[in-house]
Amino acid sequence: MVADEEFLLDLLNSTPVVNGTRQDLLTVAWLRAHDGTGSGAELRATREARGVLQALVRGEAPVDTLAPLLDGVRRRPAVAGDGVEWAVEVEDARRPAVRAVLAWDEVRRHSPGRLRPCANDECARFLLDHSRPNRARWCSMALCGNRMKARRHYERTRGS
């Protein structure tokens, strides 16, 4: 498991569709629950990063759309314990946004092709497939998987 992948998925999945309406769960409370300060500037920066990352994972935006999110960010090395640790230097208001971008990059490098949108067109969630064959299609078998399988079964049986 990549560091911060749970944070990344929580952020990407913070715009679920409920009863046909897209919700926005990214609030001050959400930020505080994920080690943020909850400031207005932090909320704006994190929402911007979420939108860019969602479009990127859906294949609707090129990778270079991440560049403005990383302007002015620095990594500083420090020898610690048995290796080198990298500290990210960025203003506090942009910390969760940069954390999400760095998590996306880690997932992209360590688990290529495994972060993707749910195959249910009515869903706005994402999944990170940890299965060996890399064939997961739905954000949740209990939510979208069962619905989609039931819908296909109904269409097959209704058609005959």
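A residue counts as buried when its relative accessible area is under 20%. Keep that cut-off in mind as we walk through this structure, which is a predicted model.

Let's start with helix α1. Six of its eight residues are buried, so α1 is largely enclosed by the rest of the structure. The buried ones are E5, F7, L8, L9, L11 and L12. What does the covering? Among the elements lying over the buried residues of α1 are the helices α2, α3 and α4, together with the strands β5 and β6.

Now move along to α3, which runs over residues 40–57. This helix has 18 residues, and from its first C-alpha to its last it reaches 26 Å, close to the 26 Å expected at 1.5 Å a residue. Which residues of α3 are buried? The list is E42, L43, A45, T46, A49, R50, V52, L53, Q54, A55, L56 and V57. Just after α3 comes G59, with a positive phi of about 80°.

Where do they sit? N19 is in the loop between β1 (17–18) and β2 (21–22), while D35 is in the loop between α2 (28–33) and α3. Are they buried or exposed? N19 counts as exposed because its relative accessibility is 79%, and D35 is exposed too, with a relative accessible area of 70%.

Next, the cysteines. C118 has a relative accessible area of 8%, so it is buried. C123 is buried as well, at 18%, which is under the 20% cut-off. How many disulfides does the model have? The count comes to zero. As a reminder, a disulfide is a covalent bond between the sulfur atoms of two cysteines.

Finally, take a look at the surface. V79, V84 and W86 form a nonpolar patch there, with about 360 Å² of accessible area together. One of these residues, V84, is found in strand β4, which covers residues 83–89.

Key. Residues numbered from 1 in each chain as written. Predicted model: local features only at pLDDT ≥ 70, side-chain atom pairs only at ≥ 80, totals over all residues. Heavy atoms only, no water. Helix = DSSP H or I, 4+ residues; strand = E, 2+ residues; numbered from the N terminus. Buried < 20%, exposed > 50% of the residue type's maximum accessible area, 1.4 Å probe, protein only. Disulfide = S-S within 2.5 Å. Patch = residues over 30% accessible without salt bridge, like charges linked within 9 Å, V, L, I, M, F, W, Y side chains within 5 Å. Areas by Shrake-Rupley, 256 points an atom, 1.4 Å probe, with all protein chains shown as cover. Salt bridge = Lys/Arg side-chain N within 4 Å of Asp/Glu carboxyl O. Expected span 1.5 Å × (residues − 1). Contact = heavy atoms within 4.5 Å.
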